[in-house]
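Please examine the sequence and the structure shown below.

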Amino acid sequence: MISGHYQHRLGEFQLDACFELPATGITALFGPSGCGKTTLLRCIAGLQQADYGQFSLGGQCWQDQNQCMPSWQRPIGYVFQEAGLFPHLSVAGNLRYGYRRIAVEERRITLEEAVEATGIGHLLARRPAHLSGGERQRVALARALLTSPRMLLCDEPLAALDHQAKEQLMGYLQQVVDEFRLPCLYVTHAPHEVARLASHLLLLQQGRVLASGVPAQLLTRLDLPLSQRHDAESLLQGVVAEQQAGFGLSRVRCDDIDLFLPQLQHRNGSPVRVQILARDVSLTLERPRDSSILNILPCQIDALHNNGQTYALVRLNLGSQQLLARITQLSAWQLALQPGQQVFAQIKGVALV
């Protein structure tokens, strides 16, 4: 378990964040710019001296009223927005620079393991000036691993990368976290990164923790700002059940419901995470006939939210999972929608994350 409580004032901004997080997987620190994500991460790293701080990882206390472990003693790997590599050293030189400063008996990750996990073996002889942005960040990730950390801290490491480089680095980060069983606190304000990476979500607003939990559950909570976004979404957990190569489709099983997606490069039985935008879900009281929409799912209305403007949000129970639909208030009124009602969700767009 990761637990902490930090209070700190910066001018008019007041951080007061108390949290308990799982010591496994990737926890996304998510919220709008200026909500305190980076400040909280720097407090955890010991780079920001908070007015009040408590922190422990797996029962080991790093900070409380009686002690404060200095940043250089905290067993963390920190990946910043900018790689910060030494320009006069090769990639191999950058990696060895910090690695040599870790006592031999404390090295839990070898140079070879870090290079293999981040896919940078072909870059070792290059200087940073001859690396792409994505390559520099992969070197920075490998460098963080070579501190043999007990936890990774990532502060928007994809911010300066293009889409392809972001997708590639997210894959490497997920692989690193899984392979070395490292908990990771990951600062982002990008919903796609939360959907792709996070196994836990810490939602911040104006310096305080607004909610903490599994992303799929928080994304569909109608009392949180996540569901009010124009790109509000649902995440469904499923398993690849069948490849229908003749139609270029894959069938994914989510509880007792089947979803059809463009053909996936996954083996049958592989677990997948499916993203559905709320604006791509429409509702009908009866199953449509002769429709071109493939994904028409029976579900039950769990809750409705009317924001007093054009749209209404409808949370739907889909087996043990939840689906969010955004429809007009007029449509909700015409259909006389109410909690407990059985409806059919028509899904126009489904994506794998």
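Which residues does Leu95 touch, not counting residues up to four places away in sequence? In this predicted model, the contacts of Leu95 are Leu111, Val115, Ile120, Leu124, Val139, Ala142, Arg143 and Leu146.

Leu95 belongs to the largest nonpolar core, a set of 37 residues. Together with Ile120, Leu152, Leu173 and Tyr186, Leu95 touches the most other members of this core. Two or more residues each are given to the core by helix 2 (91-99), helix 3 (111-118), helix 4 (133-145), strand 7 (151-155), helix 5 (163-180) and strand 8 (184-188). Helix 5 supplies the largest share, with 7 residues. Another core, of 29 residues, lies apart from this one and includes Leu236, Leu261, Val272 and Leu283.

The aromatic rings may be considered next. The model contains 4 aromatic pairs. One of them joins Phe55 and Trp62 in a tilted arrangement, 5.1 Å centre to centre and with 50 degrees between the planes. Phe55 is buried, at a relative accessible area of 2%, and Trp62 is buried as well, at 0%. Ring pairs also link Phe19 with Phe55 and Trp62 into a cluster.

Phe86 and Tyr97 form a further pair, with centres 4.8 Å apart; their planes stand at 65 degrees, so the pair counts as edge-to-face. Phe86 lies in the loop between strand 6 (76-79) and helix 2, whereas Tyr97 lies in helix 2, 11 residues apart. Phe86 is partly exposed, because its relative accessibility is 32%; Tyr97 is partly exposed at 34%.

Tyr97 also has a charged neighbour: the charged end of Arg101 sits over its ring, 4.0 Å from the centre. Arg107 lies over the face of Tyr99, at 4.2 Å from the ring centre.

Technical notes:
Residues numbered from 1 in each chain as written. Predicted model: local features only at pLDDT ≥ 70, side-chain atom pairs only at ≥ 80, totals over all residues. Heavy atoms only, no water. Core = buried A, V, L, I, M, F, W, Y, C linked by side-chain atoms within 4.5 Å. Buried < 20%, exposed > 50% of the residue type's maximum accessible area, 1.4 Å probe, protein only. Helix = DSSP H or I, 4+ residues; strand = E, 2+ residues; numbered from the N terminus. Contact = heavy atoms within 4.5 Å. Phe/Tyr/Trp six-rings, centres within 6.5 Å; stacked < 30°, edge-to-face > 60°. Lys NZ or Arg CZ within 6 Å of the ring centre and 35° of its normal.
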